[in-house]
Amino acid sequence: MRLQHAFTVLLLSCAAQAIASDDLGAVHEWGTFTSVASEDGAAMSWEPLSGPSDLPCFVHRLDQRNLKVAEYGTVRMETPVLYFYPLKPLTVSVHVDFPNGRVTEWYPRASSVQPSIGRKGWIEWKDIHLSKIAAPLPKLGEASHYYAARETDAWPLQSERENEKLLFYRGIADFGVDLKAVVSKDGVSVRNDGAEAIPEAILFENRAGKIGYHIMRGLRQPTSVGFPALTGSVDTLRDLLEEELIEMGLYRKEAHAMIQTWRDSWFEEGLRVFYILPRSKVDALLPISIHPAARQLVRVFVGRVELLSPPMKNEIGAALANGDVAVLNKYGRFLNAFQREMSEVPTSERARQFLDSSYSRVFAESRKIACSE
């Protein structure tokens, strides 16, 4: 009888621990790693912060003393967001390491941010309060894709008296990219240098508003594809991507929020490869710890590799020679990287002045940290 009683107590204790460990329920995350391929397909060093900011002014940013106007790196980590689905109201803590990188923007206010590159950077939120009671969320009327990420069933949260429906952060880093893409006159050769298969990769082109794409699944071996016929539909591709994100573990509203966040930028003019990172690669690049531990942790990251196509090279070359600023401007934050790949192309003085001024002009515009009263 005494042994039976002890066994019963043990079972009840184990059950109580299981219930307690399940309090957090599910945590889901999505994000993007953006890079630019050099002629040999490797990720080249570029200026990930040189584009204008698309974030609301209330988002926190790394002190400008810790950033340079033309900060170089190989990767822009864009808009990772964390959603929480607890089983009851509770308080959690989140710590994200970023080896060889630094977090540059985040919201809500974090407890600690390590502004390091070359060493391990990190961001940490302590005492995040999760509750079904929704507090007012900051929204100041300006247009921003940031707000699309809120359109899910995730629980509202509060950190350091700031309210949101997600944890948001961005950063820059200096590491290699497993997917190598080399452009030739006939098409693109894609190679996976990682240990695991890439679940899905998509070669995408938008030329003067006409789009096309090739889908490659289970990418292990080097693969060569021709340039896609420009007869596709962006809406169809968005739907395909959304279904793939759901297949990788995101809830439908989360996948839709990710597509809506990047509905313009992902499909803007140019040539690029999208690919879904294996989960183990995400964990290695961006280790995360959550307390209490989640019963389910889903992390879905999309890699984006920008490529310089032959038509782009011709157009940029002519614009550099003629000083056509309007054409140069449409290539945005990737222009300087492309121009360095075309260093042998003659550059007019007007184009050179535009290239030199774009760093400081765009950087100053994108680093406004105070909201208007």
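The accessible surface of the protein comes to about 17,000 Å², and 53% of that area belongs to carbon and sulfur atoms, the areas being computed by the Shrake-Rupley method with a 1.4 Å probe and, for residues, with only the protein chains shown counting as cover. Please keep in mind that this is a predicted model, in which local features need pLDDT of at least 70 and side-chain atom pairs count only at pLDDT 80 or more, while totals for chains, interfaces and linings use all residues. Residues are numbered from 1 along each chain as its sequence is written, and side-chain values use heavy atoms, with hydrogens and water left out.

Of the 373 residues, 52% are buried, meaning under 20% relative accessible area with a 1.4 Å probe, protein chains only.

Now to helix H2, residues 234-247, where helices are DSSP runs of H or I of at least four residues, strands are E runs of at least two, and both are numbered from the N terminus. Its buried residues are Val234, Leu237, Arg238, Leu241, Glu242, Glu244 and Leu245. Seen down the axis of H2, they fall within an arc of 165°, so they line one face of the helix, the arc being that of the directions from the helix axis to the C-beta atoms.

Finally, Ala197 sits in the loop between strands S12 and S13, and it counts as buried because its relative accessibility is 19%. Its C-alpha lies 7.3 Å from that of Pro278, although the two residues are 81 apart in sequence.

Technical notes
Buried < 20%, exposed > 50% of the residue type's maximum accessible area, 1.4 Å probe, protein only. Expected span 1.5 Å × (residues − 1).
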